[in-house]
Every structure is written in structure tokens, then in C-alpha cells.
Amino acid sequence: MKLSSKIAIVTGASRGIGREIALELAREGAKVAVNYAGSEAKANEVVDEIKSLGSEAFAVQCDVSNSESVSNMIKTVIDHFGRIDILVNNAGITKDNLLMRMKEDEWDAVINTNLKGVFLCTKAVSRQMMKQRSGRIINISSIVGTTGNPGQANYVAAKSGVIGLTKTTAKELASRGITVNAIAPGFITTEMTDELNAEIKEQMLANIPLATFGEPKDIAKVVNFLASEDSKYMTGQTLHVDGGMYM
Amino acid sequence: MAEVLERVTKIVVDRLGVDEAEVKEEASFKDDLGADSLDVVELVMELEDEFDMEISDDDAEKIVTVGDAVNYIKAKN
């Protein structure tokens with residue numbers, strides 16, 4: 001197992017891609033702090049599943065857009081596991097609307113969770129990782145952060161921001177043995193994408209060279225790679241995992 | 001109170017790999033002791049651990065010289 005006894009935090013890990021990331025890290029031997037904002041029961045299910053895989057886990061509530069909440073979460077994880085090797089910034093929300101109809105609070109909510117949340121969690125763990133002289137930070141961006149997408153000005157701005165933040169954090173922390181990379185998923189089947197109507201889905205499928213939607217596991221496998229020693233000579237990169245949708 | 005200076009000096013010597021003789025109170029971490037911005041952040045973190053205190057980001061930005069660090073710690077303790 002490539003991540004034996006490594007300690008990981010996955011934000012937004014109660015559902016969707018985050019859930020699969022937490023499980024996949026655990027399958028490689030990592031002990032996982034399963035962060036959730038509201039879905040406590042679902043987070044506990046992920047914890048139970050990780051335990052049944054033979055690894056350790058616990059659920060930790062935190063709104064990643066709140067700095068105090070984030071500090072408490074990181075402290076809780078360090079108290080519990082003693083260190084932090086891997087941070088996966090996955091937590092994200094959508095509040096889609098056309099730019100001309102988008103309300104300021106829709107803009108703020110998405111930027112606060114999807115972009116500021118990455119900054120706050122990264123800042124909070126970087127102290128621990130600097131002391132350790134090692135760490136892996138993996139940010140979940142999105143294909144639309146590179147391509148743009150009508151109806152998602154807030155989401156796209158945040159996901160694009162995550163790519164820039166990834167590069168800067170990578171440069172600042174490289175000398176301390178910490179790598180920072182991003183993954184830009186394409187169309188992955190989750191509750192978030194289930195909301196899209198059939199027509200849009202069909203249109204998207206036509207634009208995917210590999211001619212199928214992705215699964216959360218497709219992202220989780222790449223997270224494992226970025227979390228392991230196998231990726232030790234990579235930092236500041238964005239890996240597009242999208243069936244070839246963006247090239 | 002000389003003890004604070006001694007403990008700060010030890011951390012600076014360990015972290016920045018400089019000679020003890022260079023660690024004077026007026027020495028600037030960046031200009032005289034070869035520290036970069038990240039080294040200073042780390043020094044402050046080590047001082048927090050050594051003296052069991054929290055130094056806010058705002059306060060940390062004011063710590064430029066060895067003497068700044070020593071005086072800050074003395075004032076807080």
C-alpha cells in the first residue's frame with residue numbers, strides 16, 4: 001500500500017467525489033479525517049466504510065469558508081493523528097445562474113466555499129507541513145475553470161482561482177518539501193451533476209473523446225497518485241481528468 | 001532575562017546556520033542573517049513553540065531583528 005499510515009484530510013468528503021477520494025486514500029492505507037459541512041450521517045457512513053477497509057477515520061465538521069472553523073478542524077486532526085501528510089481541498093458548492101441574473105450572495109457563497117475555503121485550509125495545514133518538511137496538497141478544480149461555462153460565473157471564477165492558487169502555493173512551499181497540485185475533473189457522475197437535464201448531458205457526452213462520463217473513482221485514483229511518492233517530482237500542475245474533453 | 005536572548009540565539013543559529021557571534025540584537029533576520037521570508041515565518045513558528053505563546057500574523061510582521069523578537073517575547077511573558 002502506497003499511503004500506509006499517512007494522515008489525510010479530505011474536505012467535503014461525505015458525498016460525491018470527496019467521498020470516493022476518502023475511501024480510495026484509505027484503500028492505500030491512509031488514515032482519513034472525513035470533513036463535512038452539514039451531512040453528519042453521510043460522513044459517519046464514510047467513516048464506517050473506511051474502518052471496514054481496515055484503516056482509521058473520524059468525521060470532523062467544519063465550514064471551510066470560516067477561518068475559525070478551519071483552525072479548529074486542523075487542530076482537531078493534529079490532536080487526533082499527530083500530523084497531517086495529505087490535504088485534499090475538495091469541498092465545493094454550486095449556485096448556478098446567468099451572470100445577468102446572478103445575485104451577489106450567490107457569487108459570494110460559491111467564492112467563499114470553493115476558493116476562500118482552499119486558501120484557509122491550505123494556510124492552516126501549511127504550518128504543520130512546514131514543520132514536518134513534507135506534505136501533499138491536492139486541490140480539486142474543474143474543467144470549467146479552464147474553459148468557462150455559461151451559468152457558472154461564480155463557480156468558474158472560483159475553480160480558475162484554485163488553479164492560480166495552486167501554482168502560487170506550490171512555489172511558496174516547494175523548498176519545504178511540500179507539493180501542491182490540482183485536478184480538473186470533467187463531467188463526473190455525482191449528485192451535483194445529476195441535477196443537469198438530459199439534453200445538456202447528451203451535448204456534453206458528444207464532446208468527450210472517451211465517450212463516457214467519468215466516475216468519482218477516476219478522480220480518486222489520480223488523487224492517490226498525487227498523494228503518493230510516485231508524484232514527488234511534480235508540483236504546481238493541474239491534471240485534467242475528463243475523458244479528453246479539454247486538450 | 002538574558003535567558004530569552006540565549007534561547008532565541010540558539011533557534012536562529014540552528015535554523016539559519018549562522019555563527020552565534022553574528023546573532024546580535026540589532027541584526028536583521030533578512031538583511032544580516034540571510035533569511036528569506038519563509039525562513040522568518042518558520043523562525044516565528046519555532047519561537048511560538050519554544051516560548052509557548054501565539055504570535056499573531058500582525059505582530060509577526062513587526063519582528064524584523066533579533067532584538068525585536070527578544071523584546072516581543074519579554075513583553076508578552
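The model is a prediction in which local features need pLDDT of at least 70 and side-chain atom pairs count only at pLDDT 80 or more, while totals for chains, interfaces and linings use all residues. Residues are numbered from 1 along each chain as its sequence is written, chains are lettered from A and ligands numbered from 1 in the order in which they are written, and side-chain values use heavy atoms, with hydrogens and water left out.

The largest pocket holds about 1,700 Å³ of space. A pocket is an open set of points, on a 1 Å grid over the protein atoms alone, with protein on both sides within 12 Å along at least five of seven lines; lining residues have an atom within 4 Å of a point. Grid points are joined across faces, edges and corners, and a volume is the space filled by probe spheres set on the points. Among the 42 lining residues, those closest to the centre of the pocket are Lys123(A), Arg127(A), Val41(B), Met45(B) and Asp57(B). The lining comprises 20 nonpolar, 9 polar and 13 charged residues (Ala, Val, Leu, Ile, Met, Phe, Trp, Tyr, Cys and Pro count as nonpolar, Asp, Glu, Lys and Arg as charged, and the others, Gly among them, as polar). The greatest contribution, 10 residues, is made by α4(A); helices are DSSP runs (H or I, at least four residues) numbered from the N terminus.

The helix α4(A) also packs against α6(A), at an angle of about 15 degrees and with the axes 8 Å apart. Axes are lines fitted to C-alpha atoms, for helices over the stretch in contact, and angles run from 0 to 180 degrees between N-to-C directions. The two helices are therefore roughly parallel (angles under 35 degrees). In their contact (heavy atoms within 4.5 Å), residues of α4(A) including Trp107(A) and Phe119(A) meet residues of α6(A) including Tyr155(A) and Leu165(A). The contact residues divide into 14 nonpolar, 6 polar and 2 charged.

One cavity of 30 Å³ or more is present (a cavity is a set of points where a 1.4 Å probe fits but cannot get out). The largest cavity has a volume of about 50 Å³. Here too α4(A) supplies the largest share of the lining, 4 residues, and both α4 and α6 of chain A give at least two. Asn114(A), Val118(A), Lys159(A) and Val162(A) are among the lining residues. By class, the lining has 5 nonpolar, 6 polar and 1 charged residues.

Terms used. Parallel < 35°, antiparallel > 145°, perpendicular 65-115°, else oblique.
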